[in-house]
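Please look over the sequence and the model shown below before reading on.

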Amino acid sequence: MASTATLSPSAPMDVDGIQKRKRSSSPDSLDAPPQTRRRSASPGANGVSLPIPKVSDADPVRRAERERQLAARMAAIELEKLEKEKDKEKGKGKEVAEFDAAAEFAKLTAGRSGGVYMPPARLRALQEAASKDKSSTEYQRLSWDALRKSITGIVNRVNVANIKHVVPELFAENLIRGRGLFARSVMKAQAASLPFTPVFAALVAIINTKLPQTGELVLVRLISQFRRAFKRNDKIVCHSTTTFIAHLVNQSVAHEVIALEILFLLLERPTDDSIEIAVGFMREVGAYLQEHSPKANSFVFERFRAVLNEGTISHRVQYMIEVLMQVRKDKYKDNPVIPEGLDLVEEDDQITHQIQLEEELQVQEGLNFTDIFKFDPDYLKNEERYKQIKAEILGEGSDEESGSEESSEESEEEEAVADKEGIEDRTSTNLVNLRRVIYLTIMNALNYEEAVHKLLKVQIKEGDEIELCNMVIECCSQERSYSTFYGLIGERFCKLNRVWNECFEQAFGNYYTTIHRYETNRLRNISRFFGHLFATDSISWVVMECIKLTEDDTTSSSRIFIKIMLNEMTESMGLKTIAERFKDEEVQRACTGMFPMDNPKDTRFAINYMTSIGLGVVTEEMREHLKVCTQSMILSKLDMDFAERPSSYHGTTTCYARSRIILGLFLRFRLFFRQ
C-alpha cells in the first residue's frame, strides 16, 4: 500500500497541486552591510604602466603642477622607446616583403600570362631583378609579355593612312618568335572589325614578302578555323574567315584554288546560311576570279543561277543572289580587287601559298597560339639572329664600322645638315593651309570691311600675296550669281597698298589667258568682278593691253568675258564716260589690241563686235580709218588694173589722170553725203 507524503502546511501549492520550489534564505543577516568589490587597476598603453611621480613641496598647487610636468616628460620618453621598437618591426617586415616579392614573381612566371594584375612599380622592380640574368626564365617571360602586348597594340592601330609607318614598327619586333602571336592578333582584330579586312590583308601581304612562314601560318590557321566553324555551323565565324581569305587571295598571298574550293563546298549542298556566306565571299573575290580564272568564275555563277532556279532557299537569299548578279554586271565597281592606298606590294615580290582545303594542315599550335610561355634555351642566339634579319629587312647598316668610315659618315652628315638649310617645301602644304585660312576667313565675315580687316591679319610670306587675290577671285567664281561683296573686297585691297594693286593687275592677265578653262557661270562672275575693279579705277586700264580683239586671237569664252566685263563697266560708269576714257591717249596706246587698225579685216571684226554689245560709240575712229583704207584700196586696185592692161589699149596719160581725179571726187562726195 503506497504511503502518502505528508506536506508541510507552509509549502505553497500551484494550481495543479504541485508544490513549488522554495528559495533558501541567505545565510547572512539582513542587517549586515553588503560586501564591496574592488576593480583592478587598468594597465597602461601597450601594457606599460608608468609610476606616478611624487614631488615634495610646501605649496600644494605648485606641487601638483610640477608632478604633472614630470609625468608628461616621462610619458614622452616612453613613447620614443615604443616608436623605436615599431621601426625595428617595420624593417623586419620589409625583409619579409622582399622575400614575398620574389616568391610572388616565381608564382607569376609559373602561371598564364595576362591573368594577374601587377602594379607598375612592382613590375619595374621585378624587371630590374630579372634583367640581371637575360638567359633566365623570368627575363624570357617578361620579354614574352612585352612582345605580346607590342604586337597586339601595333595590329590594333593599323589603318590605311598609317600602314606604311606601322610596318617598320612591326618588323622591329621579333616576328619569328612571335609569329603565332601575330597570327592570333590579326585574326582577332579582323573578326572584331570586318570593314578593316583589306587593311589587315595588306599588312599580312607585306609581312609575307619578307617572312613567308608568317603569312603561311596566318593562312593555315584561317583555313583550319573555317573548317571547324563550318562543321559547327557557326555562320558568323565562317563569314569573317572567308572574308579574310578572300582579301588574302586578292593580295596574292593565297592561290585562287582555295577560293574555288570554298565556293564549291558552300554551293554543293545549298542552304540559306551557306548561300549567304558564298554570296558575301564572291562579292569580295569575284573581281579577282573574273580576271585570273574566267572559266571557273563562269561555272560558279552558273551554279548560283541553278540554285536560284531550284527555289529551295528563302526569298531573302534569292534576292541576295540577284544582287550578286547585278554586281557582276557592274564589274564589281564597289568591290575592287585591291582598294585605293593598299596596293603596296609588287607582283614580283609577292609569295603565293598553294594550300588545299582538304589537305592536312600544320597549324603549329605549339607556337604559343594560346599564349602559353615556353622557355627557350637559345634565347640570346635567336635574338641576335633576328637583329641581323631585321637590319637586312629595314636596310639598317651594321654597327661595327671602321674609324675612317665613321669619319666619312660624319662629314656626310655635316654636308646634309648644311644642305638642309636651303631645303624648299615642294609639297605645297603651307600653300594649301594658307588658302584654307583665307577661304574660311572670307566665308565667316559678315561684310566686306570685316573680311578685309581679318585678311590683313593673316600672316602671308613675301611673294605669296597673289594667292590672296586668287582666293578672293575663286571664292567669287564659286557663287551662284555675282556678289558685290567680293568686288568691294578687291577694291579695298587695291586702294590700300600698291602691292595688292599690282597683284590684282597680274591676276587679270592670268585669268584672261586661262578663261577658257572655266564654265559659263564662273566666267560671268570673274568678268563682273574685274569690271567692278575697272569701273572704280582700282586697277589701271593699261592692263587691257593683253586683249587682242581679232577673230584669230579670241575664243568664244574670251569674247563672252570681254562682253560681260564691258557691260558691267558701262552700267557703273555710263556710256559717255566710258567712251571718253577710251579716247585717253594712254589708254589708246595700251588698248591698240582692242581697237586694231593694222588690218581692215580685224578692224571690221572689232567694229562689228563692239556694235553688237552696245559700244558702237567707241568705234568712230576705227570707222574713219576703215573708210580711208577702203578708198586707198580702190585706188590702188585701179592702178594695178591700168598697169596690167596691154599697151595698145592704153589711152593717153591725161585721160588716166582725169579718170583718177573723177573717181576721187566721187568717193569724197559720197562720204560727204553719208555724213
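## A surface patch on a helix

In which helix does Leu 440 lie? Leu 440 belongs to helix α15, residues 429–444, where helices (H or I, at least four residues) are DSSP runs numbered from the N terminus. Leu 440 is partly exposed, its relative accessible area being 43%; buried means under 20%, exposed over 50% and partly exposed in between, with a 1.4 Å probe and protein chains only.

Together with Tyr 439 and Met 443, Leu 440 forms a nonpolar surface patch with about 270 Å² of accessible area, calculated by the Shrake-Rupley method with a 1.4 Å probe.

## Basis and confidence

This is a predicted model, in which local features need pLDDT of at least 70 and side-chain atom pairs count only at pLDDT 80 or more, while totals for chains, interfaces and linings use all residues. Residues are numbered from 1 along each chain as its sequence is written, and side-chain values use heavy atoms, with hydrogens and water left out.

The mean pLDDT (the predictor's confidence in each residue, from 0 to 100) is 78 for the chain, and 73% of its residues reach 70 or more. Over residues 1–12 the pLDDT stays under 50, and the model has six contacts (heavy atoms within 4.5 Å) beyond four places in sequence for them. Where pLDDT is low, the predicted coordinates should not be read in detail.

## Aromatic pairs

The whole structure holds 16 aromatic pairs, meaning Phe, Tyr or Trp rings (for Trp, the six-membered ring) with centres within 6.5 Å, counted as stacked when planes are under 30 degrees apart, edge-to-face when over 60 and tilted otherwise. Phe 301 and Phe 304 are a tilted pair because their planes stand at 50°, with centres 6.1 Å apart; both residues are buried.

Phe 582 and Phe 595, also both buried, are edge-to-face because their planes stand at 80°, with centres 5.4 Å apart. Phe 582 is in helix α22 (residues 575–582) and Phe 595 in the loop between α23 (585–590) and α24 (600–612), so the pair ties together parts 13 residues apart in sequence.

## A buried loop residue

Thr 619, in the loop between α24 and α25 (620–644), is buried with a relative accessible area of 0%. Beyond its neighbours within four places in sequence, Thr 619 contacts Ile 607, Met 610 and Thr 611.

Technical notes
Patches are made of residues with over 30% relative accessible area and no salt bridge: like charges are joined within 9 Å, nonpolar side chains (Val, Leu, Ile, Met, Phe, Trp, Tyr) within 5 Å. A salt bridge is a side-chain nitrogen of Lys or Arg within 4 Å of a carboxyl oxygen of Asp or Glu. Helices (H or I, at least four residues) and strands (E, at least two) are DSSP runs, numbered from the N terminus.
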